[in-house]
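The following note is meant for a colleague who is meeting this structure for the first time. Please read the numbered points with the sequence and the model in view.

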Amino acid sequence: MLTRTAGALALFAIAVAVRALPFPLVFEPERVVLFGNDAYYHLRRILYSLTEFPGVLSFDRYINFPHGAKPIWTPGFDWSVALLALPFVSPDDADALWRFAVWIPPLLGGCTVLVLTTLARRHFGAAEAFVCGGLLAVSSGHFWYSQLGFVDHHAAVALFATLGLAAALALADPTDAARTPWRAACGFGLASAGALLLWPGALLHVGLLQLAVLVQLPFRPDRARAVAAARALALGHTLGFLVVVPFSGDAAWPQWNAFSPVVSTWFQPWLFGSLAIHAALCAALWSRGSAGETAAHRLASGLAVGVALLAASGLSLPGLLQGAGDAWSWFARDETFQRTVAESRPLLLDPNGRFHLATAALRLSWFVFLAPFAGLWIGRRAWRDGHAAPTLMLLFFAAGLLAATLFQRRFFNTASVGLAALMGLSLCHGWRALPQSWRDTRTRRALVALAIGVGVLLLLTPSIRGYRHYAVNLLAAGSGSKQRLGQEEIEKRVALDTAEWIARHTPPTSGWLGGDETPEYGVMGPWPLGHIIETVGRRPTVVTNFGDDLGPENFRLMRRYYLAAEGEAAVLLDDLGVRYVIAQRGKLFLGGDEPRPGSMLHSLWFLDGTSWRPPHGGASGAAVPALKRHRLVFESRPIHPRNPAGHPAFKVFEFVPGARVVGRGRPGARIRVALPVRTNLKRRFLYETEAGVGAGGEYRIRLPYATDGEPASVRVLRDYELECDGVRARLRVPEAAVQGGLTLRGPELCAQRGRRSDQAGAASGSPS
C-alpha cells in the first residue's frame, strides 16, 4: 500500500513539474504573463468573486459595450478558484492573486494523472496504472491545457471527465458494480454535473459516458443487478439535477433560447431530470414482468422508455430542437466567428485549410495514428479474456473524444486521457503477448524492455520535441540569459504593453469590478485583444474573445467599422460611445474580409491616418483622404523577433470631435495642410490633408491633432502648415478645440493668385 501511494504521488509530482516548465515565461520580473487570452477574463471574474465573495460577475458592462452582457462561461471554475484563494490572498492584492491562480492548472493536471492511475489500477492492473499515469504525465496535449499560467476551465473539465470515467467504469465492471453501485452512480451523477457547471461544452464528454452507461445497463448478469444499477443511476442523476438546477434560474439569453445546451440554461436540469426518470422507470419495469427477464427485453423496454421521454420532451419543450441546432452549429463551426478561433480548427488542417499532421503528432504523438488498430486489438483481447465491459467503455470514451478532436482540436485536452490509457493498455498487453522465450531470462527481459522503450520514445518524439522551447528558456533563466520568445509570445507581451499603456494614459472608466455604474466610453479593437484590454487595460470593449457569442450585432459592427470609410465609421463610433480604437496588421479577426484602400483598417494601420495620392506616372489607384477624427496616440513595438525595427504590432488612435477650421481663399483653389508628428517610438510621419475652397471663397477643414496641450505620447513637431498656390501660413490648434469640436478661424490663403501671405509662420487659430 505504501509503495502504491508513493508511486502515485511520484507521478503527480512529475506531472506538476512538467506543467511548470513555462515558469520563466510566466513569471517575468515586472509582471505575470498568462497563457492564452481567455485566461485574462477568467482572472477578472476570479478577482470579482474574491472581492465580492460569494458573489459572481453575472452581468458585465465591460463586454459588449455599451450594452453589457452576461458572460457565456459558467461561473463554476472562477468561483472555485476564488474560494481556494480566499484564505491566502487579499482582495486588494491583484498581483498576489495572479501568482496564486497560475498554479491551479498544473495542480489540476496532476490530479487528473492521479485519477487515471487509480482507475487503471482498479480495473486493469498495477503495471497498467503506472504506464497509463506516466504517459499522461508527459502528454503534450494534456500539458497544453494544464500548463502553468493557463488559467482556464479546460484543465478542470479534463479532471471531472476522468472522474466521470472512473465512476462509469466502476458501474460497468461486474466485480465493482456488485459491491458499490450506489456510490459509483452518485459519483457519476456528481462528476457529470460538475463538468457541465465548469463548461457547457463538456456535454460531449458527459454524453459519451452517459451513452456508454445506458447501453451497458440492460446487459447486467441478471434482473436483480440490472434493477439495482437502474435505481442507483436514478439516485445519481437526481443528485446531478439538484446540483445544476440552482445555476439555471437565470436562463434568459438574448441570442439563445432557454433550452440551448451551449450555455447554462434549463437544458442541463432537463438532461439530468430526464435521465433520472428514465432510470427510475426502467427499474420499475424490470423489477416485475417480462420486460426485465432477459437482456434483450431490458434493452427493448429501455429504448422504448427513452424514445417516449424524448418525444414527450420535444412536443412539450420545442426549444430543445432549436437548442440541438445551436449545439451542432457550434460543433460543426457553421459560425463565421468559430472558423477564426484556433482551438476550433480541425486537427488535421493548418490555418490555411491544408492537410497536415504536425499538430496531431505534436499534441497526441505518432501513436494517435495507430490508435484505431490498437483499440481493435485491445477490445478483441478483452472480449476473449472476459473483461470486456470496462475495457470497451474506456475504448468508446477514447474513440469518441478522438473523433471529436478531428473536428475541433480543443478536445485533445481530454482525448489525451483516453489516448494515454489506450497506449498504456497496448504496451502492457503487448508485453504479455510476447513469446515466453523472449522473457525467460533477466537479460532477455531487459533487452525487450529496452526495445519497447525505444519504440515508445520514437512515438513520443514530436511531443518531447515540443518541450524543448520550455527547457531552453528554463536553462536560460537559470544562467541569467535572455529568454527566447517565439512570435506569438512576443505578440502577447506587446499586447500587454499596449493594454498597460491604455490603463496608465487614458481616462479611467467606472464600474470595472461590476456594479451599476456605466462606463464613460469604450474601446473598439480586434476581438482577440478584448479580454486583455478589459482585464489589464481596465477599459470596456465593443467586442471580445467571446466573438459573436455575446450577440452578433456588435461583432458585425466591429467588422463594418474596420471595412468602412471614416464618414460611416465615425457615425458608428459616435453611436457606440467609443473613444479609442486599436488597429493591428492582418485581417484574420475580420473573418477573411479584405480591407480596401480607404477603409478604416487600411488608413489606420498603413497610412497613420494621413492622406495618400498615387504618384505621378505610378500605379493606378484612387486617392485616399486623411482621417479627420482619428489621431494616433500610441504605437507598440514590432513583434517580429528578427526585425526589431519593423512595423508596430498595434496602433492606438483616439476618436475625437476634431477642431473645425474655417478660412477664406480663392474659389476653386486647394488648401493643403501638413503637420509633422513624432510617435512614442520616435518614428516620424507627416500628417497631410486637404480641402477645396468653395464658390463663396470659404474653405472648411477638420483637424484631429492639437499643437498645444496634445497628449504627451505622440508629439507634433511644429504648428500646422497650410499652403495654397505657394502661399503658406501656420496655424495653432489648442487641445480644447480638438476635444470640443470648436470652430477656429483659419488664415486667408491665395485670395489672389500669386499673392504671398504675410501671416506665414505667425497666424494662430482662434475660436469664432
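1. Helix α21 makes the greatest contribution to the lining of the largest cavity, supplying four residues. The model is a predicted one, and the points below should be read accordingly. Besides α21 (412–433), the helices α18 (358–364) and α22 (442–466) each provide at least two residues of this lining.

2. The largest cavity holds about 140 Å³ of space. It is lined by 14 residues, and those closest to its centre are Leu-135, Ser-139, Leu-364, Ser-365 and Leu-460. Sorted by class, the lining of the largest cavity consists of eight nonpolar, five polar and one charged residues. The count of cavities of 30 Å³ or more comes to five.

3. An open space also deserves attention. The second largest pocket has a volume of about 700 Å³. Thr-74, Pro-75, Gly-76, Leu-197 and Phe-247 are the closest to its centre among the 32 residues that line this pocket. Two or more lining residues come from each of α4, α6 (104–123), α9 (154–172) and α11 (181–198). Helix α4 has the largest share of the lining of the second largest pocket, with six residues. By class, the lining of this pocket divides into 21 nonpolar, eight polar and three charged residues.

4. Helix α4 also takes part in a helix pair. Helix α4 (residues 76–85) packs with helix α5 (residues 94–101) at an angle of about 110 degrees, and their axes are 11 Å apart. Angles of 65 to 115 degrees count as roughly perpendicular, and α4 and α5 are therefore roughly perpendicular to each other. In the contact, Val-81, Leu-84 and Ala-85 of α4 meet Leu-97, Phe-100 and Ala-101 of α5. The residues of this contact comprise six nonpolar, no polar and no charged.

5. One joins Phe-53 and Pro-54, with omega at about 5 degrees; Pro-54 is placed in the loop between α3 (38–51) and α4. Another joins Phe-65 and Pro-66, also with omega at about 5 degrees. Pro-66 likewise lies in the loop between α3 and α4.

6. Where is His-531 placed, and is this residue buried or exposed? His-531 is in helix α25. Buried means under 20% relative accessible area; at 0%, His-531 is therefore buried. With neighbours within four places in sequence left aside, the contacts of His-531 are Asn-37, Asp-38, Tyr-40, Tyr-41, Trp-73, Thr-544, Asn-545 and Phe-546.

7. Backbone angles call for a remark at two further residues. Arg-538 is not a glycine, yet its phi is positive, at about 55 degrees. Arg-538 is found in the loop between α25 (530–535) and α26 (552–563). With 37% relative accessibility, Arg-538 counts as partly exposed.

8. Lys-682 has a positive phi as well, of about 70 degrees, although Lys-682 is not a glycine. The loop that holds Lys-682 runs between β6 (670–678) and β7 (684–692). The relative accessible area of Lys-682 is 59%, and this residue is therefore exposed.

Key. Residues numbered from 1 in each chain as written. Predicted model: local features only at pLDDT ≥ 70, side-chain atom pairs only at ≥ 80, totals over all residues. Heavy atoms only, no water. Axes fitted to C-alpha atoms, helices over the stretch in contact; angles between N-to-C directions. Parallel < 35°, antiparallel > 145°, perpendicular 65-115°, else oblique. Contact = heavy atoms within 4.5 Å. Nonpolar A, V, L, I, M, F, W, Y, C, P; charged D, E, K, R; others polar. Buried < 20%, exposed > 50% of the residue type's maximum accessible area, 1.4 Å probe, protein only. 1 Å grid on protein atoms, 1.4 Å probe; cavity = no way out; pocket = protein on both sides within 12 Å on 5 of 7 lines; lining within 4 Å. Points joined across faces, edges and corners; volume = space filled by probe spheres on them.
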